[in-house]
Amino acid sequence: MNKVTTLNQFIIEQQANVPQATGGFSSLLHHIGIAAKKINREVNKAGLVDILGRAGTENVQGEDQQKLDVYANETFIAELKASGECCGVASEENQDVVVFEGEMSRDAKYIICMDPLDGSSNIDVNVSIGTIFSVYRRKSPVGSVATLEDFLQPGCDQVAAGYVIYGSSTMLVYTTGNGVNGFTLDTSIGEFCLSHPNVKSPAQGKIYSINEGNYEKFPAGVKKYIKYCQEEDKETKRPYTSRYIGSLVADFHRNLLKGGVFMYPPTNSHPTGKLRLLYECNPIAFIAEQAGGLATDGGKRILEIRPETIHQRVPFYTGAKDMTGKVMEFLKTFE
Ligand code: AHG
Ligand code: MN
Ligand code: MN
């Protein structure tokens, strides 16, 4: 019989490689896995019960909150609080950081930034959506209440990052800075099982992913790069193929496995891009780099940006190393 490694076994095996580990971080990851399973359950039955559609409220960015957004946010926060290993959360769905003031949480070492439900416009139409998370060690002293400074750390200080994709199957993909591993949910036993060990992204692929409806509003370098993708050239296997789902997690995940580049440039309506640094770009960037790819705002490494606010947006280009490098070349040449 093939040996199956569950997420929990994997976490414990990893912990054994860190002699000073106390188990707190492992427990945190375990609770993230539980939250993912709870959200997955609701995503799967979304068509059956009254959880589809809008909640009738707006989030801090003025976007309609879908009911599943609210459910995912509440579920994740409750699970993190219950873990006792997290002292606060910055979420797309909350204006301010949520700090846990209980005695156990004050002693916790970690904070989390998260997009509880990514790709919400795809909920109602049965298209893949996701959850994104990012883990940092707190800056404020253990024993106190978390502060804003704990959340405004550059992405290179992440201790772990990951995403869950609720797709044709549900997967949890994460990194602790030692490669990327993917786990597929086996619903018959209710466990995430290691299915994609040590994921490496091809350096060159054939997919470009961008909302081309915004073409006229893109910077010149991006427009030229899109034309480059569409040109015929046998040697470089162009034209490339265009794929865009509209859920960052799903678009990134496909490109990670198959080889491709994802772009969300600045536009008139979103002059600094649309995607959020703390809970979309940083975690995805950490995974991209750990899989051998790149993530940039067009000039700088995403992971080196110093955040100023928790909902800050940045232009985002990520994926296969050579393809993302090429985009940067175009951005530089056609400023
Ligand atoms: P969210 O659902 O968390 O607000 O994120 C949506 C994001 C991201 O998932 C996706 O890449 C992007 O918005 C799509 O934006 P456009 O519809 O402008 O292409
Ligand atoms: Mn999102
Ligand atoms: Mn979201």
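Modeller: Buried means under 20% relative accessible area, exposed over 50%, and partly exposed in between, with a 1.4 Å probe and protein chains only. This is a predicted model, in which local features need pLDDT of at least 70 and side-chain atom pairs count only at pLDDT 80 or more, while totals for chains, interfaces and linings use all residues. Residues are numbered from 1 along each chain as its sequence is written, chains are lettered from A and ligands numbered from 1 in the order in which they are written, and side-chain values use heavy atoms, with hydrogens and water left out.

Biologist: Which residue bridges the manganese ion (ligand 2) and the manganese ion (ligand 3)?

Modeller: Donors are N, O and S atoms within 2.8 Å of the metal (3.2 Å for Na, K and Ca), and water is not among the atoms, so sites may look incomplete. The manganese ion (ligand 2) is coordinated by Asp115 (OD), Asp118 (OD) and Glu280 (OE) at 1.8 to 2.1 Å, whereas the manganese ion (ligand 3) has Glu92 (OE), Asp115 (OD) and Leu117 (O) at 2.1 to 2.2 Å. The two ions lie 3.7 Å apart, and the residue that bridges them is Asp115.

Biologist: What is the order of the strands in the open sheet of eight strands?

Modeller: Helices (H or I, at least four residues) and strands (E, at least two) are DSSP runs numbered from the N terminus, and two strands pair if DSSP finds at least two bridges between them. Within the sheet, six bridges join β7 (residues 160-166) to β8 (residues 170-175), and these two strands run antiparallel. The edge strands, each pairing on one side only, are β4 (98-99) and β10 (191-196). The pairing is mixed, and the order is β4-β3-β5-β6-β7-β8-β9-β10.

Biologist: At what angle does helix α6 run to β7?

Modeller: Contact means heavy atoms within 4.5 Å, and axes are lines fitted to C-alpha atoms, for helices over the stretch in contact, with angles from 0 to 180 degrees between N-to-C directions. Helix α1 (residues 7-16) lies across β8, β9 (180-186) and β10, running at about 10 degrees to β8. Helix α6 (residues 248-258), in which Arg254 is found, lies across β5 (110-118), β6 (129-137), β7, β8 and β10, and its angle to β7 is about 100 degrees.

Biologist: Which residues do ring pairs link into a cluster?

Modeller: Rings of Phe, Tyr and Trp (its six-membered ring) pair if their centres lie within 6.5 Å, and planes under 30 degrees apart count as stacked, over 60 as edge-to-face and the rest as tilted. Tyr225 and Phe330 have ring centres 5.6 Å apart and planes at 75 degrees, so the pair is edge-to-face. Tyr228 and Tyr240, with centres 6.3 Å apart and planes at 80 degrees, are also edge-to-face. The cluster linked by ring pairs consists of Tyr225, Tyr228, Tyr240, Phe330 and Phe334.

Biologist: Which charged end sits over the ring of Tyr228?

Modeller: A charge sits over a ring if NZ of Lys or CZ of Arg is within 6 Å of the ring centre and within 35 degrees of the ring normal. Tyr228 is buried, with a relative accessible area of 12%. The charged end over the ring of Tyr228, 3.7 Å from its centre, is that of Arg238.
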